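Take a look at the fold below. We will go through it one part at a time.

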Amino acid sequence: MSRRVDQTIKDIKSLKIQGARNVAKAGVRAIMYAVEDSKATTVNGVKADVVKAVLKISGARPTEPMLRNYLDETVAFVTSEIATVKTRSVKRFKDSVIKSENEYLDRMKSDIGKLKDYGATLLTSGMTVVTHCHSSTVTGVIMEAHKRGKKLKVIACETRPRYQGRITATELARAGIEVTLTVDMGVANYLKKADIVLVGADAINSTGDLINKVGTSGLAHLARMYNVSFFSCAETYKYDPLTLYGVREKIEERNPKEVWEKPPKKVNVSNPAFDVTAARYINGYITEMGVISPSALSSIAKKKIEGE
Ligand code: RUB
């Protein structure tokens with residue numbers, strides 16, 4: 001296995017690379033490493049190395065359908081390329097896989113550009129925006145609105161145990177946006193005066209429920225209590241097509257030491273990375289295809305992912 005692929009997997013597991021989009025991008029780049037570093041002398045040998053890499057990378061974080069959707073597309077591509085292309089030149093095969101992975105990165109770039117446009121349009125000057133964890137999609141939307149001259153205040157939850165809220169706060173402050181970091185449970189005080197909650201998405205299931213950083217679900221309940229709109233900023237690739245067939249999104253359980261290094265004996269420590277927010281608490285998904293209701297998300301996303 002390519003060392004560069006192994007390093008990417010390590011970085012994803014340790015959260016050096018975090019957030020679903022960044023994980024998906026890193027996964028696609030890792031496939032290019034697998035291809036470039038493959039020592040195989042036949043096209044089928046290269047394919048085997050790609051499939052091995054796909055299996056390892058997709059297991060790096062269990063709750064990441066965006067990563068899996070792009071990796072599934074990779075496997076479908078290499079299979080059809082072998083079946084349909086006459087040439088058996090290893091070099092040409094490698095080039096075609098790398099070209100296809102670059103096209104995925106281009107698609108991600110184009111999708112996020114459209115999504116930011118829809119999101120920024122939804123925000124108006126003077127709004128107080130609450131967010132949780134670090135979602136590059138959410139910070140992208142907020143920064144796009146800021147670039148368009150909209151004056152926003154942002155409340156970022158610190159997001160224990162790994163404090164990704166600090167990444168959000170740092171990014172936004174650097175962009176010149178007024179941002180306040182609050183301890184997670186302190187957010188209730190701010191919601192009373194907030195206009196909108198924007199969170200990211202790790203996964204979206206067939207009923208439009210959202211799987212995102214643990215704490216998102218509590219935030220959605222509070223938002224409903226204070227009558228504040230709650231949106232998730234998510235490319236349609238965050239949708240998990242398997243949930244349509246009854247597969248439940250697996251919630252990653254992380255090392256309890258992230259929460260408490262040395263707990264006293266008999267204290268159980270739980271560290272789920274994500275939780276599920278029911279569709280009824282979500283006003284909409286801000287996607288590259290516009291703002292979509294949770295009930296409509298599944299059919300729209302499925303068509304895009306399956307290339308219909
Ligand atoms: C990050 C998180 C983010 C989503 C979306 O969790 O929950 O809200 O991944 O991020 P972690 P993005 O830090 O554990 O990866 O919008 O960048 O895809």
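Which elements do the buried residues of helix 4 pack against? The model is predicted, and in it they pack against helix 2 (20-37), helix 3 (43-58), helix 5 (90-122), strand 5 (203-204) and helix 10 (294-305).

Now look at helix 4 itself. Helix 4 covers residues 65-84, which makes 20 residues. At 1.5 Å a residue, helix 4 should span 28 Å. Its end C-alpha atoms are 28 Å apart, so the two values agree. Several of its residues are buried, including Pro-65, Met-66, Asn-69, Tyr-70, Glu-73 and Thr-74. Val-78, Glu-81 and Ile-82 are also among the buried residues of helix 4. An α-helix has 3.6 residues a turn, so residues three or four places apart point the same way.

Next, the cysteines. The disulfide count is zero. Cys-133 is in no disulfide, and its nearest cysteine sulfur belongs to Cys-157. A disulfide needs the two sulfur atoms within 2.5 Å. Cys-133 is buried, with a relative accessible area of 6%. Cys-157 is buried too, at 2% relative accessibility.

Finally, turn to a loop. Ile-17 is found between helix 1 (3-13) and helix 2. Leaving aside its neighbours within four places in sequence, Ile-17 is in contact with Thr-8, Asp-11, Ile-12, Asn-22, Val-23 and Ala-26. Gln-7 is 10 residues from Ile-17 in sequence, and their C-alpha atoms are 11 Å apart in space.

Key
Residues are numbered from 1 along each chain as its sequence is written. This is a predicted model: local features need pLDDT of at least 70, side-chain atom pairs count only at pLDDT 80 or more; totals for chains, interfaces and linings use all residues. Side-chain values use heavy atoms; hydrogens and water are left out. Buried means under 20% relative accessible area, exposed over 50%, partly exposed in between (1.4 Å probe, protein chains only). Helices (H or I, at least four residues) and strands (E, at least two) are DSSP runs, numbered from the N terminus. The expected span of a helix is 1.5 Å times one less than its number of residues. Contact means heavy atoms within 4.5 Å.
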